[in-house]
Amino acid sequence: MEAAVTAEQLRARGNALFQAGDHAAALAAYTEALGLCDSGPERAVLHRNRAACHLRLEDYAKAEADASKAIEADGRDVKALFRRSQALQKLGRLDQAVSDLQRCVSLEPKNKAFQEALHALGSSMHEKMKTMSCTDSKVEQMFQILLDPEEKDEDKKQKAVQNLIVLAREEPGAEKIFQSDGVRLLTQLLDTAKADLMLAALRTLVGLCSGHRSRTMAVLAELGAPRLSAVLGVEHEQVSLSACNLLHVMFDSLKEGLQKEFRGKEDAVVLDSSKDLKLLIKHLLELLVLEGASAHGRDNAINLLIKVVPRKSPKETNNSLSLWVIDQGLKKILEVGSSVCGTPGSLPVTENSRMSSSVLLSKLYDDLKCDAERENFHRLCEDYVRSWFEGQELAGKLRAIQTASCLLQGPVEAGNRVLELEGIMDSVLSLCASVREAHQLVAVEALIHAADKAKRASFITANGVSLLKEIYKHSERDSIRIRALVGLCKLGSAGGTDFSMKQFAEGSTMKLAKQCRKWLCNETIDAGTRRWAVEGLAYLTFDADVKEEFVEDKAAMEAMFHLAKSEDRSVLYAVASTLVNCTNSYDHEEPDPQMLELAKYAKQHIPEQHPKDKPDFVRRRVRKLLTAGVVSALACMVKSENPALTSSCRELISRVFLALVEEAEDRGSVVAQGGGKALIPLSLEGTEVGQTKAAQALAKITITSNPEMAFPGERIYEVVRPLVSLLHLQRTGLENFEGLMALTNLAGISERLRQKILKEKAVPMIEGYMFEEHELIRLAATECMCNMAMSKEVQELFLAEGSDRLKLMVLYSGEEDEKLRRAASGTLAMLTALHPPICKRIPQVTVHWLEILQALLLSPSAELQHRGAVVVMNMVAAERELAEQLMASEMLEILSVLAKDKDKPQVARAAQESLAQAVAYGLIKPGPGQG
């Protein structure tokens, strides 16, 4: 039976882990030791050690708490006092940090580290006090200028506005504005109803509320949720957008609590912000149906609800906010989604409002956790549709059908349930033949949205195709014909990419596509109608013949890209779908040959690939899209803050980008047109597949381009996290390999980048891949580690006791693969130069060390010879005993020959230095020309 582990053993294990750089595991060991330890002094040491771990893990509040416990046990514990001062400094409590440092200096007056830290902190506080005293009068002056009705100097006012906004972005400035009765004065600016002053007030309030819950609650108490909601609903678009940004910041602060504020007395107060959250959301929901609210204000309110109500991750268990919004506001959201322009009682909406409502409804539905919650959602939707449909005039029936369209674009199950209500589908079909354009538009759109839903597709194929054909052929209105065409496109593309499964007669699909392109290029038709032409192409481009014709039509491509950059963001998904089809960047698995034979034998249907979907055709299509400007269109689509840029839409864009950078020669033009910048947000947000595709595209760019030019400035540091995500075990071998190659390039650029890679906890994963069976992955990991070893923290890992890292590098230096040997021996050359103790450990890690070094020196490769000669030179310099072992072997003869090699001056110089050191030790006699 295994003996129980003692607290002392756990502490020793924690110390070793801490030295090895695994701070999280060290923290766990110290915590476990605390559970087994009763002794006061030993517990104090463990708390002190935990504080060190928390500091390294950047959890400063916990570092302060643990250090305080150690100090309670021993007030003269300078290590604990110093660690607490570091934590307090990071938490912004500089006066307390100074007090702890002064105590350290009084206990150890000769300790230079304490003296320097105290001096640096004193200077920092002096600067802060100086800044604050200057700021006092400035804040007062700025408000006087802005609130003075007699002030006519516009330049002066503009300068005051800018200064106020900039001041609020920094914590001391924000706090000074807040303490100077700033919230009341900013409220006065809002009440002037002048757009420029309102914008200044809103942007300053953003600075006050960012990451600061108590100030946010004070701002909310002063302004009131009704006033904030009213500002969001104003006609001025920029003011409404700024109010939306402020509310978003307030929501984040109320939800996440204290992040960067100075914590003092407030620690003792428990701030409950849940009531404030619900109050704000209640007013947002009321704004949706408020008659006086502007259309874009309504859109901003929906966008806010999308961002702040549903859970960010399924790991969060509490979905009560979504449930509350469904109960309080589902019908209000449906009011917006069901609005029909031009009909009595409809709310003023934009072209994006219904799509935004659909996205919000979809997110709320996805946030539900059980059948009972989903059933309640369905009941509320059905009750709302019945309230408009049953016993109502035609206008009511139109609202009911529009609601069904809105739900079919969002939570499809709810949409299907609504379509099954008695009379709804019959009304859709009958209204398709209406003589009034507005009515016909609503019905045809509902039919289109229902067409690709499994439960309704067969019904529509049986009942709607002939009707859609009639509308397409005989309607005099392009707006109606184009929608009917899209319905036919959806039904005609049911076979997807399967060449053998075509719904229409030969050539019909091409005719439909040609008509779509014609409408798309017709600028006399409004953008909202032309969008439907892209919807049609999104379905028709499953056919490779359609893809080929589309990429040959430069005018059609450019027209689609122009639409993608327009205000109507509801076109994004259709554009992205069309591009995925053209670049064949959808998932397609190669069928198993044995399964194919079985399927043939059983006379089952076997999918067939179109001849024009082969790689050569795809490459040509990608080139034509690049020439037409696809990258700038995609970059513009990614910039959109609209709810239409859903996670699935982001995934499609990521797929297209990955296809565009497949060929190395195309990557430069993708970066030049903004592709690199656009890929970063795609790799950090969206579906897991989408993030991975974007990260892989970033890796491809980083491998073959100069990363500092591809990702200038701070952007290069944002690339690290996506690349590290490619190292996770669930990724494919190719993704692992490309991630390692890209990180190798970044790690070779600067120490700051290596520190970023370390912070993302990539090193353990890189080490893991050094044991990979696949030789290319193993090589890439070793090369990456070679560059990472330039960091002190990584070097310390090689010095850690009980580690096999050094052994692996020595053994890899003797492998057959020359590139692997080059990477491993390069790491050894650097490590032995920087850390003499490593030289002493090389003979201990493997009995083959000497023959490996000799093989390097005898290699036909000058690079390997040089690396080997440097390792030997470092070992000779490190210790006489090592030098004696080396000189007693065949190494002496090898070095003597290499020292005379004039063709390889670097190798000769290293060999000469080794021999000179051996002479200095008295191990060998000087040769001719030596000392």
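Begin by selecting F617 and R620: the charged end of R620 sits over the ring of F617, 4.8 Å from its centre, where a charge counts as over a ring if NZ of Lys or CZ of Arg is within 6 Å of the ring centre and within 35 degrees of the ring normal. Bear in mind that this is a predicted model, in which local features need pLDDT of at least 70 and side-chain atom pairs count only at pLDDT 80 or more, while totals for chains, interfaces and linings use all residues. Residues are numbered from 1 along each chain as its sequence is written, and side-chain values use heavy atoms, with hydrogens and water left out.

Next, select Y472 and R481, where R481 lies over the face of Y472 at 4.8 Å from the ring centre.

Turn now to the aromatic pairs, of which a search of the whole structure finds three; rings of Phe, Tyr and Trp (its six-membered ring) pair if their centres lie within 6.5 Å, and planes under 30 degrees apart count as stacked, over 60 as edge-to-face and the rest as tilted. One of them is formed by F82 and F114, whose ring centres are 5.2 Å apart and whose planes meet at 45 degrees, so the pair is tilted. F82 belongs to helix α5 (residues 78-90) and F114 to helix α7 (residues 112-147), 32 residues apart, helices being DSSP runs (H or I, at least four residues) and strands likewise (E, at least two), numbered from the N terminus. F82 is partly exposed at 22% relative accessibility, whereas F114 is buried at 7%.

For the charged contacts, select R417 and E382, whose side chains meet in a salt bridge (2.9 Å, N to O), defined as a side-chain nitrogen of Lys or Arg within 4 Å of a carboxyl oxygen of Asp or Glu. R417 lies in helix α21 (residues 412-419) and E382 in helix α19 (residues 371-389), so the pair ties together parts that are 35 residues apart in sequence.

Finish at D666 and R623, which form a salt bridge with 2.9 Å from N to O; D666 is buried at 8% relative accessibility, while R623 is partly exposed at 36%.

Key. Buried means under 20% relative accessible area, exposed over 50%, partly exposed in between (1.4 Å probe, protein chains only).
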